[in-house]
Amino acid sequence: MLLIEKQKTKQKLLRFTHLMKIRKADKKDIEDSLSIVEELKEWFTKEAIKNMKVDFTVNNLVVAVEKNKVVGFLCFNYYEGIFKILWMGVKKNLQSSGIGSLLVKWLEKEAKKIKSKSIEVETLTDEDDYEPYKLTRAFYYKHGFKKLYIKKARKKGWDDQVVLEKRLK
């Protein structure tokens, strides 16, 4: 019985993600993305939110849209052949539904179009056992990201970061 329920749930998620569109964000999408950020306080500090308000306008921002509503976002930049994920988030009630995976796969596809060598992302190190970031690391590891190096905190009160990389073929 449980196996059948899991299969039904997976089928619903597949139908849901097939209806999803990924597009470059417009001004309204930036506001909608910041609304998603506000509901993800376990992941994003006030300082991070302040930075996102700038990053969303000066870097690349794409959004996942379902039924004309923004349900997820991915902010990234590109430098010297490497795409770097700066920020990513999915509406709390839709997490683990495949939206984050779609956003990462979209970025991989774009990166391959211009023959980029890799995608990088920074997050809290494995030594940090804060549950939301355990989930974050597990997400990236599941998508083929590997540890590249540890980046020491630049400011007092900040945490060290692990830089993860996904090599593209």
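Trainee: Buried means under 20% relative accessible area, exposed over 50%, and partly exposed in between, with a 1.4 Å probe and protein chains only. Which class does K92 fall into?

Mentor: K92 is partly exposed, at a relative accessible area of 38%. Please note that this is a predicted model, in which local features need pLDDT of at least 70 and side-chain atom pairs count only at pLDDT 80 or more, while totals for chains, interfaces and linings use all residues. Residues are numbered from 1 along each chain as its sequence is written, and side-chain values use heavy atoms, leaving out hydrogens and water.

Trainee: What partner does K92 have in a salt bridge?

Mentor: The partner is E42, with the closest N and O atoms 2.9 Å apart. K92 lies in the loop between β4 (82-90) and α4 (99-113), and E42 in the loop between α2 (27-38) and α3 (46-58), so the two distant parts of the chain, 50 residues apart, are linked. E42 is also partly exposed, at 29%. A salt bridge here is a side-chain nitrogen of Lys or Arg within 4 Å of a carboxyl oxygen of Asp or Glu.

Trainee: Why can such side chains pair at all?

Mentor: Side chains of opposite charge can pair when their charged atoms come close.

Trainee: How many salt bridges are there?

Mentor: The structure holds 15. One of them joins E47 and K155, whose closest N and O atoms are 3.7 Å apart. E47 is in helix α3 and K155 in the loop between β6 (146-151) and β7, so this pair ties together parts 108 residues apart in sequence.

Trainee: A new topic, then. Where is E165?

Mentor: E165 sits in strand β7, residues 161-167, and is buried, at 13%. Its side chain makes polar contacts of 3.3 Å with the side chains of S118 and R167. A polar contact is a pair of N or O atoms within 3.5 Å; within protein, one must be able to donate a hydrogen and the other to accept it, and residues adjacent in sequence count only if both atoms are side-chain atoms.

Trainee: How many helices and strands does the chain have?

Mentor: The protein chain has five helices and seven strands. These are DSSP runs numbered from the N terminus: helices are H or I with at least four residues, strands E with at least two.
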